[in-house]
Amino acid sequence: MTSTTAVNDFIPAYLTAPDDTSHPVQETELWSESYQTDVYDPQTEHGLHFNFGRAPFNVRLWHDIFTAYLPNDEFLVAKNFRFGDNPGTGPAGGGVVYTCDEPFRQWTKRF
């Protein structure tokens with residue numbers, strides 16, 4: 001017997017497609033929003049780290065950090081700030097852009 005499980009089987013019914021993209025700024029105290037992605041291939045010793053969020057002192061300002069892990073303990077690190085939003089598609093920072101291609105299934109992340 002074989003069984004398959006769809007991604008949608010793990011998504012609570014109360015969540016909708018807009019819940020998986022960047023949100024309009026909320027004027028609520030201590031409100032924030034952030035994204036993080038890490039990937040690593042131990043065979044090639046290459047990896048990527050994306051850390052992306054709204055600045056705590058101004059929620060209209062996106063703060064992004066990108067790190068590329070390279071062999072021999074070498075790193076490429078970039079840090080940026082940018083005002084702006086891409087409501088409904090994903091956040092865009094000074095160096096990193098996230099695009100939600102298909103909610104709860106696929107994102108494109110660029111540096």
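In what order do the elements of the protein run from the N terminus on? They run β-β-β-β-β-β. The protein has 6 strands and 0 helices, where strands (E, at least two residues) and helices (H or I, at least four) are DSSP runs, numbered from the N terminus.

This is a predicted model, in which local features need pLDDT of at least 70, side-chain atom pairs count only at pLDDT 80 or more, and totals for chains, interfaces and linings use all residues. Residues are numbered from 1 along each chain as its sequence is written, and side-chain values use heavy atoms, with hydrogens and water left out.

The pLDDT is the predictor's confidence in each residue, from 0 to 100. Its mean over the protein is 85, and 89% of the residues reach 70 or more. Residues 1–5 have a pLDDT below 50, and beyond near neighbours in sequence this stretch has 1 contact in the model; a contact means heavy atoms within 4.5 Å.

Consider next how the strands pair, a relation that requires DSSP to find at least two bridges between them. Strand E1 (residues 34–41) pairs with E2 in the antiparallel sense, over 8 bridges. In this pair, Ser 34 stands opposite Gly 53 in E2. E1 and E2 form a hairpin with 4 residues between the strands, and Glu 45 takes a positive phi near 60 degrees there.

The hairpin of E5 and E6 has 3 residues between the strands, and Phe 104 in the turn has a positive phi of about 65 degrees.

The side chains come next. The largest nonpolar core has 8 residues: Tyr 35, Phe 50, Phe 52, Trp 62, Phe 66, Ala 68, Val 96 and Tyr 98. Strands E2 (46–55) and E3 (58–70) are the elements that give two or more residues to this core. E3 provides the largest share, 3 residues. Such a core is a set of buried Ala, Val, Leu, Ile, Met, Phe, Trp, Tyr and Cys residues joined through side-chain atoms within 4.5 Å.

Of the 111 residues in the protein, 29% are buried, that is, under 20% relative accessible area with a 1.4 Å probe, counting protein chains only. The accessible surface comes to about 7,700 Å², and 53% of it belongs to carbon and sulfur atoms; the areas come from the Shrake-Rupley method with a 1.4 Å probe. Among contacts between residues at least 6 apart in sequence, 36% join residues at least 24 apart.

Note on methods. Buried means under 20% relative accessible area, exposed over 50%, partly exposed in between (1.4 Å probe, protein chains only).
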